[in-house]
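The tour below goes from selection to selection and says what is found at each stop.

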Amino acid sequence: MVGIALAVNQIKDMFAVVMLAGIYGLVSASFFVAMDAVDVAFTEASVGAGISTLLMLTTVAMTGRTEHEASHKPLLALIVVAITGGLLIYGTFDMPYFGSADAAVHNHVAPRYIYDSMKEIGVPNMVTSVLASYRGFDTFGEVTVIFTAGIGVLALLSVVQRPKNDAAIEAINDSMHEKHLILRVAIKTMIPFILLYAFYVQFHGDYGPGGGFQAGVIFAAAIIMYAMLFGLSAARRVITQPAVQLLSALGVLVYGSVGVVSMLNGGSFLDYSVLTADPIAGQHLGILLIELGVGLTVASVMIIIFFSFSARREYQQANKGESL
Amino acid sequence: MTMILGLYNYWVVIVLMMIGFYIIIAHGHLIKKIVGLNIFQTSVFIFYISVGKVEGATAPIWQDGIILYSNPLPHVLILTAIVVGIATTALGLALIIRIKEAYGSVDEDEIQTMDNQAMVNQDKEHQ
């Protein structure tokens, strides 16, 4: 990983840099598996190696591939970095050793999460029970952040007027697609399975690794693959832009409403035990609902982001064609 | 020797973090800055996850007969951080696209020069 990071520093071709960043994401995902963090590895593999590489490639396509030589001397930066790194390494001498079970992190709230969550929540995957129940409020905040980022991208990149020469764009797309005939057929057979897998990850998150965040990204990846190979307008016919925007807001709404309903039932915000007579069943129901909300928001925000990026690109291409 | 093995993970994290930091401050290309930011971010993820690891433990999914699990709390924090990270990265890239459209460049120095030029021109107009 250090090697890849150094290569990113040296290489001037942005395409290679972005590809290396993708490999970097994949390597860190396998590192997370080795560290027992299967849920995290899942997310990193789909986000770090998949979606983020894709978005960066789109941006590189719009902004050009080469990097100019920096005019100022990097020596000052190197000194700053060396001093900071040295101080940080000095700080590690007080840190607990790697893998030791009596480190401070393991002795605060973690034992309760590990040993009591089966009794209190009844969900085998502790990551899910901590994410959705014990720290449901944090997760609510994070879902809202994702939603806000989606709105931000929309505000920055949304194309107001439809490009006039739709036919020209269609022609460009068609010529490109004939080159990718094998890919198109292969992807078309894969998409249903990817969608099915996304639903499995969504609803099986209580028992195995998975949950709303991962399922959302996988679901979005299937739609994005479709959009890449069949053109944006075809994908927009499957899922229209207003529908995705509505769904992204709906996800946050579902999450928040579960919290409000549990308040109305006499508990505190996001306390699912009061949703049904049996606290364990209430927890199950609550986790299922809010994971659904998370999945909806994440999937639709990812789709919104990709749609905005590629619509902007088509818009730029159309404008370029007019000016020529 | 035990100290080197015991603290090795923190040092890898620091090296990665510093490479990311260096890319952010030393390079002018805005996309490269975002990649550097991602490397910095991943180093923090690795820090959290490696702190949560317990020697000889298994993944935190309840199974009968297993007592020792790795700490699930860092996993939860990082899981959400990754997805929030991609959302903010997308926002950053969107800003870069708008900068490219407005300035015709994604190099920090060129943009700075253009801004300075515009300021000078404005001052002349006022006089």
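This is a predicted model: local features need pLDDT of at least 70, side-chain atom pairs count only at pLDDT 80 or more; totals for chains, interfaces and linings use all residues.

Begin by selecting chain A. Among contacts in chain A between residues at least 6 apart in sequence, 69% join residues at least 24 apart. Its secondary structure comes to 13 helices and zero strands. Read from the N terminus, the elements therefore give α-α-α-α-α-α-α-α-α-α-α-α-α. Of the 324 residues in chain A, 39% count as buried.

**Colour by confidence**

Chain A averages a pLDDT of 76, with 81% of its residues scoring at least 70. Among the elements of chain A, helix α8 (residues 166-179) has the lowest mean pLDDT, 60. The highest, 85, belongs to helix α7 (residues 136-157) of chain A. For chain B the mean pLDDT is 80, and 94% of the residues reach 70 or more. For the complex, the predictor gives an ipTM of 0.77 and a pTM of 0.80.

**Two domains in chain A**

Select residues 1-67 of chain A, then residues 126-324 of chain A: the domain assignment gives these as domain 1 and domain 2. Where they touch, domain 1 of chain A supplies 13 residues and domain 2 of chain A supplies 16 residues. The side of domain 1 of chain A that touches domain 2 of chain A has eight nonpolar, four polar and one charged residues.

**Helix α7 of chain A**

Select residues 136-157 of chain A, which form helix α7. α7(A) has 22 residues and reaches 32 Å from its first C-alpha to its last, close to the 32 Å expected at 1.5 Å a residue. Which residues of α7(A) are buried? They are Gly136(A), Thr139(A), Phe140(A), Glu142(A), Val143(A), Ile146(A), Phe147(A), Ala149(A), Gly150(A), Val153(A) and Leu157(A). Look at the spacing of these positions with one rule in mind. An α-helix has 3.6 residues a turn, so residues three or four places apart point the same way.

**Helix α10 of chain A**

Next, select residues 212-230 of chain A, which are helix α10. α10(A) has 19 residues, and its first and last C-alpha atoms are 27 Å apart, close to the 27 Å expected at 1.5 Å a residue. Is α10(A) largely enclosed or open? Of its 19 residues, 15 are buried, so α10(A) is largely enclosed by the rest of the structure.

**Ala61 of chain A**

Select Ala61(A), which has its place in helix α3 of chain A. Ala61(A) is partly exposed, because 15 other C-beta atoms lie within 10 Å, and a residue counts as buried only at 20 or more and as exposed at 12 or fewer. Ala61(A) and Ala155(A) are 94 residues apart in sequence and 21 Å apart in space, C-alpha to C-alpha.

**Where the chains meet**

Show both chains. In the contact between them, 79 residues of chain A meet 70 residues of chain B. Several helices of chain A each supply at least two residues of the side that touches chain B, including α1 (2-10), α2 (14-34), α4 (75-92) and α13 (279-323). The largest share of that side, 14 residues, comes from α3(A). By class, the side of chain A that touches chain B has 53 nonpolar, 19 polar and seven charged residues.

**Chain B**

The secondary structure of chain B comes to four helices and zero strands, and its elements run α-α-α-α from the N terminus on. The C-alpha trace of chain B spans about 80 × 35 × 20 Å along its principal axes. Chain B has a radius of gyration of 22 Å, whereas a compact globule of 127 residues would have one near 14 Å. Buried residues make up 50% of the 127 residues in chain B. Among contacts in chain B between residues at least 6 apart in sequence, 40% join residues at least 24 apart.

Select Val15(B), which lies in helix α1 (residues 2-26) of chain B. Val15(B) is partly exposed, with 18 other C-beta atoms within 10 Å. The C-alpha atoms of Val15(B) and Phe40(B), 25 residues apart along the chain, are separated by 9.8 Å.

Finally, select residues 108-126 of chain B, helix α4. At 1.5 Å a residue, its 19 residues should span 27 Å, and its end C-alpha atoms are 27 Å apart, which agrees. How many of the 19 residues of α4(B) are buried? The count is zero, and α4(B) is hardly covered.

Key: Residues are numbered from 1 along each chain as its sequence is written. Chains are lettered from A and ligands numbered from 1 in the order in which they are written. The expected span of a helix is 1.5 Å times one less than its number of residues. The radius of gyration is taken over C-alpha atoms; the globule rule is 2.2 Å times the number of residues to the power 0.38. Two residues are in contact if their C-beta atoms, placed from the backbone, lie within 7 Å. pLDDT is the predictor's confidence in each residue, from 0 to 100. Domain bounds come from an automatic or database domain assignment. Ala, Val, Leu, Ile, Met, Phe, Trp, Tyr, Cys and Pro count as nonpolar, Asp, Glu, Lys and Arg as charged, and the others, Gly among them, as polar.
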